[in-house]
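User: I would like to learn how to read a few features of a protein model. Can we go through them one at a time?

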Amino acid sequence: MTEVLRDKRDATIDLVVDAGESRQVVLLSPVNVRLSVRQREGSTLSVHVLSLTDADSDLSVTVNQDEPHCRTQLYGLALTRGNQVVNIETHVLHNVGHGTSTQLFKNALADTSRATFYGELKVLPDAQKTEAYQTNRNILLSPEAKMRTRPQLEIYADDVKCSHGATTGHLDTNALFYMQQRGIPLAEAKRLLLLAFMEEVVQTLPDEPLQEEVRQQINKRLK
C-alpha cells in the first residue's frame, strides 16, 4: 500500500502497520507534520520526507518496532533557499529483536537558509539481532547557509549491528572544473551535481512517475 500525501500542513498522523503488511508513505512538500508509526510482526515500512517548498517547517517521524522481524526504511531530502528554516527529526525505536532499519537523509542549503537534522536511533535491551543504520549528508551552497546535524545512537543490547554518520561539505570543485573544461557553464554544472546528489534518495521512491515528479520539482527549485 502506497500513500502519497502532497502539501500536507500542520498535521499529526498516527499509523499502525499490521503484521505482514507492507506500507509506503510519501510526504511531498509537507509543512509542520508529525508522523508516528507502530509496526507489528514482520511488517515493512518505507517513509519519504521530501521538503521542496519555500515554507519554514518542522518535520518529525517516529517509528516504534513493537514486534519482531520488522523492516523500516526512512528517506528524506530538503532543498532550502532564501532565509528558510527547515528542521527534521527522526526517532526509530527498536523495542524488540530481529528488526532492521535504514535512514538516509540529504539536504542542500542555499542563500542564508538553515536546516537541522536530529536523528535518534535507539536499540532497547530486548532488541537483540537488530541491524540499524543512519546516514545524513549535507551540501552548503552558500557561505551564509548553516546546517546543524545531530545523529544519536543509543544501544542497550549487545548482539546488534548498528552505525551512524553525518557529513557536511560543498560541491566538488574538481568536478565543477572538469565539467567547465568540457563546455558546461558553471550554473549548469552545479545543477547537475546537485541532481546527482539527490538522485540516491529519488530512486528509492516507489514508482517512476513519482520519481519524475520529484525530479521536476527539484529542477524548478534549482533555477
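User: Which element gives the largest share of the lining of the largest pocket?

Analyst: Helix 2, with five residues. Some ground rules come with that. This is a predicted model, where local features need pLDDT of at least 70, side-chain atom pairs count only at pLDDT 80 or more, and totals for chains, interfaces and linings use all residues. Residues are numbered from 1 along each chain as its sequence is written, and side-chain values use heavy atoms, with hydrogens and water left out.

User: What counts as a pocket, and what is its lining?

Analyst: Rolling a probe the size of a water molecule over the atoms shows where empty space is left. On a 1 Å grid over the protein atoms alone, a pocket is an open set of points with protein on both sides within 12 Å along at least five of seven lines. Lining residues have an atom within 4 Å of a point. Here the largest pocket has a volume of about 360 Å³, the volume being the space filled by probe spheres set on the points. Its lining has 19 residues, and Ala-110, Leu-141, Lys-190, Leu-194 and Leu-222 are the closest to its centre.

User: Which elements supply at least two residues of that lining?

Analyst: Strand 7 (71-80), helix 2 (186-202) and helix 3 (208-222). Helices (H or I, at least four residues) and strands (E, at least two) are DSSP runs, numbered from the N terminus.

User: How does the lining of the largest pocket divide by residue type?

Analyst: Into 10 nonpolar, three polar and six charged. Ala, Val, Leu, Ile, Met, Phe, Trp, Tyr, Cys and Pro count as nonpolar; Asp, Glu, Lys and Arg as charged; the others, Gly among them, as polar.

User: How do I read helix 2, and which of its residues are buried?

Analyst: An α-helix has 3.6 residues a turn, so residues three or four places apart point the same way. Buried means under 20% relative accessible area, exposed over 50%, partly exposed in between (1.4 Å probe, protein chains only). In helix 2 the buried residues are Ala-189, Leu-193, Leu-194, Leu-195, Phe-197, Met-198, Glu-199, Val-201 and Val-202. They pack against several elements, including strand 5 (44-51), strand 9 (100-109) and helix 1 (173-181).

User: How many aromatic pairs are there?

Analyst: Rings of Phe, Tyr and Trp (its six-membered ring) pair if their centres lie within 6.5 Å; planes under 30 degrees apart count as stacked, over 60 as edge-to-face and the rest as tilted. By this rule there is one pair. The ring centres of Phe-105 and Phe-117 are 5.2 Å apart and their planes lie at 35°, so the pair is tilted. Phe-105 is in strand 9 and Phe-117 in strand 10 (residues 114-123), 12 residues apart. Both are buried.

User: What is in contact with Thr-80, beyond its neighbours within four places in sequence?

Analyst: Contact means heavy atoms within 4.5 Å. Thr-80 touches Val-86, Ala-108, Leu-109, Ala-110, Ser-113 and Arg-221. Thr-80 lies in strand 7 and is buried, at 1% relative accessible area.

User: Where does a residue other than glycine have a positive phi?

Analyst: Most residues other than glycine have a negative phi. Asp-7 has a phi near 55°. Asp-7 sits in the loop between strand 1 (2-6) and strand 2 (9-17) and is exposed, at 53% relative accessible area. Asn-32 also has a positive phi, near 55°. Asn-32 is found in strand 4 (residues 31-39) and is partly exposed, at 30% relative accessibility.

Conventions. 1 Å grid on protein atoms, 1.4 Å probe; cavity = no way out; pocket = protein on both sides within 12 Å on 5 of 7 lines; lining within 4 Å.
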